[in-house]
Amino acid sequence: MIRYCAVAVLGVLACALALAQAVVEPRHRLAPQAGAPPRLALTLDACGGGFDEALFDFLLRERIPATLFVTARWIRRHPAAVARIRAEPELFQVENHGAQHVPAVIGAGRSVYGLAGMADWAQLRAEVQGGAQAIIAAFGVAPRWYRGATAVYDRAALPFIEGLGYRVAGYTLNADAGATLPREAIAQRLRQASDGDVIIAHLNKPGSGTAAGLAAGLSALRQRGFVFVRLDQADLQPTPFDAHPRR
Ligand SMILES: [Zn+2]
């Protein structure tokens with residue numbers, strides 16, 4: 001009996017550990033709005049790296065609004081880009097992509113897509129709050145949304161981040177796969193957009209196919225009657241997402 005109980009307890013502990021390490025990729029759509037034209041939200045991550053001026057100039061020229069998720073380290077490297085974004089508050093909403101672009105998976109040896117995770121919960125708090133402080137200092141606005149590096153999270157990290165005062169921003173349409181896709185593949189993905197999609201792409205990879213792909217794909221969507229909104233101009237609703245274990 002004692003041996004059976006010991007095995008049972010170990011089983012429960014193993015389950016609890018597996019559950020604690022389950023990672024999730026939240027999915028959000030724009031809530032439907034009766035009588036409105038089909039709507040899309042463009043979200044662009046600025047993780048680290050460069051500033052894609054070709055993409056920025058296109059959005060400016062076409063007056064396409066976007067929600068920009070920027071890190072503190074990107075802000076530090078790109079004061080000229082920060083000034084250009086600040087000059088267009090009607091077009092660009094700035095939100096929090098963390099301090100150092102570390103994914104919100106907690107524990108030694110954890111990683112997502114090759115990016116090392118967090119040592120502990122204190123590091124996650126510093127990542128979230130450090131990103132927010134950099135945005136307040138650079139843009140003069142307090143972010144309300146958080147998207148962690150890779151947009152993958154430990155399940156337990158979601159309520160933790162919300163407890164710090166932020167809503168976690170998911171997406172439904174991955175347009176550029178981390179700025180790795182050529183122009184035509186991005187345009188093709190965007191052709192599949194439907195009313196309410198939240199699009200993710202990147203603002204930090206000049207020279208990639210992202211600027212040309214978005215220019216082609218977003219223009220075509222506009223011609224089909226889609227309008228673009230920032231996250232603060234729409235309600236978001238969660239859609240079902242899978243929990244799947246990763247390292
Ligand atoms: Zn990123």
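A crossing of two helices is left-handed if the near helix is turned anticlockwise from the far one by less than a right angle, and right-handed if clockwise. I looked up α7 and α8 with that in mind and noted their crossing as right-handed.

**Entry: ground rules.** I am working from a predicted model, in which local features need pLDDT of at least 70, side-chain atom pairs count only at pLDDT 80 or more, and totals for chains, interfaces and linings use all residues. I number residues from 1 along each chain as its sequence is written.

**Entry: confidence.** I checked pLDDT, the predictor's confidence in each residue, from 0 to 100. The protein chain has a mean of 91, and 89% of its residues reach 70 or more. For residues 243-247 I found pLDDT under 50 throughout, with 11 contacts beyond four places in sequence; a contact needs C-beta atoms, placed from the backbone, within 7 Å. Where pLDDT is low, the predicted coordinates should not be read in detail.

**Entry: the chain overall.** I listed eight helices and 15 strands in the protein chain, taken as DSSP runs numbered from the N terminus (helices H or I, at least four residues; strands E, at least two). Of the contacts with a separation of 6 or more, 81% join residues 24 or more positions apart.

**Entry: α7 on α8.** I read an angle of about 30 degrees between helix α7 (residues 183-191) and α8, with axes 7 Å apart. Axes are lines fitted to C-alpha atoms, for helices over the stretch in contact, and angles run from 0 to 180 degrees between N-to-C directions. The pair is therefore roughly parallel (under 35 degrees; over 145 is roughly antiparallel, 65 to 115 roughly perpendicular, the rest oblique). On the α7 side the contact includes Ile186 and Leu190, and on the α8 side Leu214 and Leu218. I sorted the contact residues into nine nonpolar, three polar and two charged (nonpolar: Ala, Val, Leu, Ile, Met, Phe, Trp, Tyr, Cys, Pro; charged: Asp, Glu, Lys, Arg; polar: the others, Gly among them).

**Entry: α2 on α8.** I found helix α2 (residues 53-62) and helix α8 (residues 210-223) at about 20 degrees, axes 8 Å apart. This crossing is right-handed. Ala54, Leu55 and Phe58 of α2 meet Thr210, Ala211, Leu214 and Ala215 of α8. These residues divide into six nonpolar, one polar and no charged.

**Entry: Arg86.** I placed Arg86 in helix α4 (residues 79-86). Arg86 is partly exposed because it has 14 C-beta neighbours inside 10 Å.

Key:
Contact = placed C-beta atoms within 7 Å. Buried ≥ 20, exposed ≤ 12 C-beta atoms within 10 Å, placed from the backbone.
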